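Biologist: I have a model open and would like to learn how to read it. Can we take it feature by feature?

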Amino acid sequence: MSALLAPTLMDAGLLAQLAVGGLAVVAAVLAPPRARNLAAGGALVATGLAGAVTGVAALLGVEAGGVPVPVALPLTAPLDALVLAPDALGGLFMALAGVVVALAALFGIGYAHGAAASRTGWTAFAVFAVGLQLVPAAADAISFLLAWELMALGSTVLLLADHAARGPVRRATLWYAVMTHLSFLLLLAGFGVLVAAGGSTSFAAMRTAGVAGPAADLAFVLMVTGFATKAGLVPVHVWLPRAHPEAPSHMSAAMSAAMVKMGVYGMLLLTLRLLPAGPRWWALVLVALGAVSALYGILQASVQADLKRLLAYSTTENIGLITTAVGVGLLLRDSGQSAVADVALVAALLLAVSHAAFKSVLFLGAGSVLHATGTRDLDLLGGLAARMPWTSGAFGVGALGAAALPVTSGFVAEWVLLQGLIHVDARTDRLLAIVIPVTMGIVALTIGLGLLTFVKAYGIGFLARPRTSAAADAREAGVAMRTAMVAGAVLVVGLGLVPGPLSQALAAAVAATGVASVNGAGLAVGAAAAVLDPVALTALAAAVLVPLVAVNVVLARRHPRREVALAWGCGGERTSPRMEYNATSYSEPVVRVFRASLQARRAVDVVHPDSAPMIVEHMSFTQETADVVESRLYLPATRALARAGDLARRVQNGSIHRYIGISFAALVLVLVVVAL
Amino acid sequence: MSTARLLRLITRTGRVAEPLEPPADGAFVVREGFDVPPALRGSAQVRHVDAGSCNGCEIEVGAAFGPVYDAERVGARLVASPRHADVVAVTGVVTQNMAEPLRNTVDATPNPRVLVSIGDCTRGCGLFAGSYAVAGSVDDVVQVDVHVPGCPPDPRAIVAALRAVTGR
Amino acid sequence: MTPGSFAVILVHLVVAVLVTPLLIGVMRTVRARLEGRVGAGVWQPWRDLIKLLAKEPTRAPGSTPVLTLAPIVLMASSLVLCALIPLVSTVALASVPGDLFVVVSVLLVGTVSLALLGLESGTAFGGMGSSRHMVIAAMVEPTVLLSVYALSVPAGTSDLAAIVQARVADPISLLNPVSLLAIFALVVVVIAETGRLPVDNPSTHLELTMVHEAMILESGGRDLGWLELGSWLRLTALLGLVANLAVPWGVAPDAAPLSLLVGVGAVFAKLVVLGAVLAAAEVFIAKLRLFRVPELLAGSFVLAFLSVSASYLVF
């Protein structure tokens, strides 16, 4: 019955997404300004939910044995048609995108202001959302690229929303636009190679064509670079820490939680569906890219004082972990350890899902903070837990998930990844014996630094006392924003409490075996049947807490808490919140230990009064942690490009004779080439 | 010093702590009407505050917690924060700058608490009476429960005062 | 959950809570005797704890519930840690196995709650302690995971109880280089995680040298009581783990009363010996400069990595 229902549900869902998305555009353009947020946002929430339902149907429908019926929408020539037929993997990513879009749109109803709430703003978001949700549904190269470009277009336009108010927005958009189109070109080239070798643009045809050899290698390199750019892997991540902070917060959430996942989806599509029998070095490339990104991302995140930039770098770290897991999975499949390979691939998908959940909550929380205080600089915040309890609670849950602590979905994902790594049998394979421990060490270091980063983000921003009046005057967010944040937080914890059913559903997306549900919602992986039961763990913790809290309550009645006037700061009178540790000082040890990789620049300026050179009138400390890859790789490259451009300009001296001469030479060259 | 040398020094030195004796008369004075809180039986963490002394009493307090007089064996221990403390041990006269911090320190200490003032300066300002820098003596600023007289007092008297608090 | 595993958890918790202050007392007494002092006796930490629980805690303006909750969360995480680690018995808890990553995560919950408490106080010292504490925790992570990973390769599983059982069954494995390197790396981990010398001085009064102490400067009364007991329980759990990995005999293989009794006696003896050795070693070493600590931790990471590579390449 579900096999009959599922295909039609999928088709209906796909058409619904397009229709409601179109409705959102209409609402954005026609609705009066006061109702625009609600109308357009509401329509987009519906679009997102439609995507989620369709995606889940696609994910589970295949589990029940149904075959997806493609939805073909005719387009203008020279393009044939937009063919949409999500399989289980596509369905998973569509569901992920749909939920994130729904959360972001709900948040946007309360949050969008200024340019982000204009007709252009909401239209751009609607276009972006539709593109985002249709990328995983595409069944051929043309549809894929079309949806990809819609996604890029919508996000670029919305990124420009605040450009009149703030300068960095323009630079960020420039970086983003250039890099996203670079990725588009690389994908175009890669698909071109595959189409040339396979003969047709449909993914099914590419798979059956079984492209191998140098053509496959070339396609792999081009497409992985393209997808890595979108996913935000080092060294093509440089747009991420610039663009995500500058976007309006609901957009940042959608970009970080869902759009970068399309890069991951692309890599999975390439290595699991289009070119499934790749050589070993492909997997090693993915592992290397992922490991470097994970480490670099979290290192940079741990030293940021800008909250949204911190979250953006954390996205690089998580995508790096996902890519590493995918690479390890492919490596193990190649080595013949398919059971453990499946565990690693399921771990990658779990990491993707949990990251979508907690990253959306974190960005939405950051948006709420920005909305209430006007700043995203952690050094100027503090004490927000008392003033914004809902935001603080949701952000705290998101931070727990990001730090992979029990009992969140992040914890489950990391557990499965580590189980996968532990159960690798590397006794006969020298390469695995080196790669697996190194990977484990890197994963462990990223876990540790991730803990530090999120303790810093939550503790400095929300605990302690307000460091400025902006923080002291903060007020809680509105209903729509609160609902979105709480819904996200519920997802973070809820998905963590049902790892068994969740993993089984995800396993279907990558045709994995070896994950099973035990004890209701618990999870058992691998041949060694390692078991994770978060519900039982919670029960144990609750059992331990009951006597503890009981004793505490009895003691509290006999010795009640006394209110004192001052916190203990050595009894001094002139203590102020400015003396608290802030984000920059919190990560100072990290800057020091990792100074070679971070290359932070510090300056201390001391101003003396003219009459008294021994007395300090004013002192300031500045620390700049620029992106090392950007300053060491991109800046020299762009400078070299600019110099080459200058040199080329000398050819254009205004003399018409020279121009005619060049055109003539070009014509002769073409004739020669054609003759050959 | 190398590990081997240190080990030899430890074995040769053995126990340095002198045996505990019953307190001499007048070693310490307890405020009238003051009863040691029963919760502090057996354990008293001490937060020492120098309210403006010549450091003579500090040296004796240091000696009291050192190996020879070993105040730790009566259950006392020096701690860094008044929030961790039961006993606030004050030395010296209270200078103008230290009056408010002293009150803050005592207020920061959770109840039940005992205030021990050590040295003649804490009662009547000793040598420094009448100075422009002095706000008063300790018992002018906070309520003292146990006083250890002397300029400076014998470490044995300090240990005896703490022993009276812990009852060990 | 079978009655056997229920009994085992109960025994673990009761033994851990009862033995822990005694262990701290033994360590302080050993230290005192080596320094020529008498010391307060092995029961002093119990006296300190009971007194602390009978004192009032305080609350400064602007505090959040973190002040009240962090000590409870730390205690809960330490107790769960003691329940999961095979201290007395290796009876597998079918639904909540003492799995490596679960145990490490529970440890980290305690670490994070302490760090947040430090930030909550709103003073400079609290933030400083919190920052140092988290940096040390971050740098110790790789060593923790890699050293238990190395120990799990021969056993084929990451369940700590199963690893201990495998080591009992194969005594020769205790002496091979993989094992020795991994145990040594674990000892450095224990020292770093529990804040002992040379990483942190637990009895310092100089705020600028504090790591753990700085985070709890603002807590008093029963808050402090829970914080102290919670931190001591972590020491017991981790020392017990190292002891049972290095010298696995005496650990009860089932939940029979006699073997549990033997297990309790064995773990008590091992803890006291290991604690005494640790305390004696502390007399001879000074605290490392904070920025030399990463070198120490990197060194222990190298040992753990060598241990893992050896487990694959050699055996």
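Biologist: Is Leu92(A) buried or exposed?

Modeller: Start with the cut-offs. Buried means under 20% relative accessible area, exposed over 50%, and partly exposed in between, with a 1.4 Å probe and protein chains only. Leu92(A) has a relative accessible area of 7%, so it is buried. This is a predicted model: local features need pLDDT of at least 70, side-chain atom pairs count only at pLDDT 80 or more, and totals for chains, interfaces and linings use all residues. Residues are numbered from 1 along each chain as its sequence is written, chains are lettered from A and ligands numbered from 1 in the order in which they are written, and side-chain values use heavy atoms, with hydrogens and water left out.

Biologist: Where is Leu92(A) placed, and which residues is it in contact with, leaving aside neighbours within four places in sequence?

Modeller: Helices (H or I, at least four residues) and strands (E, at least two) are DSSP runs, numbered from the N terminus. Contact means heavy atoms within 4.5 Å. Leu92(A) sits in helix H3 of chain A. Beyond those neighbours, Leu92(A) touches Gly55(A), Leu59(A), Leu349(A), Val353(A), Leu506(A) and Ala509(A). Leu92(A) and Ala505(A) are 413 residues apart in sequence, but their C-alpha atoms are 9.0 Å apart in space.

Biologist: How many residues of helix H20 of chain A are buried?

Modeller: Eight of its 11 residues, so helix H20 (residues 499–509) of chain A is mostly covered. The buried residues of H20(A) are Pro499(A), Gly500(A), Leu502(A), Ser503(A), Ala505(A), Leu506(A), Ala507(A) and Ala509(A). After H20(A) comes Ala511(A), with a positive phi near 50°.

Biologist: And Gly199(A): buried or exposed?

Modeller: Gly199(A) is exposed, at a relative accessible area of 62%. Gly199(A) lies in the loop between H6 and helix H7 (203–209) of chain A.

Biologist: Now the rings. How many aromatic pairs are there over all chains?

Modeller: A pair of aromatic rings is described by the distance of the centres and the angle of the planes. Rings of Phe, Tyr and Trp (its six-membered ring) pair if their centres lie within 6.5 Å; planes under 30 degrees apart count as stacked, over 60 as edge-to-face and the rest as tilted. By this rule there are 20 aromatic pairs over all chains. One of them joins Phe93(A) and Tyr265(A): tilted, 5.4 Å centre to centre, 50° between the planes. Phe93(A) lies in helix H3 (residues 88–111) and Tyr265(A) in helix H10 (residues 249–274) of chain A, so the pair ties together parts 172 residues apart in sequence. Both Phe93(A) and Tyr265(A) are buried.

Biologist: Which parts of the chain does the pair of Tyr176(A) and Trp239(A) link?

Modeller: That pair is tilted, at 5.3 Å centre to centre and 50° between the planes. Tyr176(A) is in helix H6 (residues 168–198) of chain A, and Trp239(A) is in the loop between helix H8 (214–231) and helix H9 (240–246), 63 residues apart. Both Tyr176(A) and Trp239(A) are buried. There is a cluster as well: ring pairs link Phe93(A), Phe144(A), Trp148(A), Phe191(A), Phe203(A), Phe227(A) and Tyr265(A).

Biologist: What area is buried between chain C and chain A?

Modeller: The size of an interface is often given as the accessible area lost when the parts come together. Buried area is the accessible area (1.4 Å probe) that two parts lose on being put together, summed over both. Between chain C and chain A it is about 6500 Å², with carbon and sulfur atoms giving 72%. Here 78 residues of chain C contact 76 residues of chain A.

Biologist: How many salt bridges are counted between chain C and chain A?

Modeller: Three. A salt bridge is a side-chain nitrogen of Lys or Arg within 4 Å of a carboxyl oxygen of Asp or Glu. Arg561(A) and Asp223(C) form a salt bridge at 2.9 Å, N to O.

Biologist: What about chain A and chain B?

Modeller: Nine residues from chain A and 14 residues from chain B make that contact. The buried area is about 790 Å², and carbon and sulfur atoms give 48% of it. One salt bridge is counted: Arg562(A) with Asp107(B), 3.3 Å, N to O.
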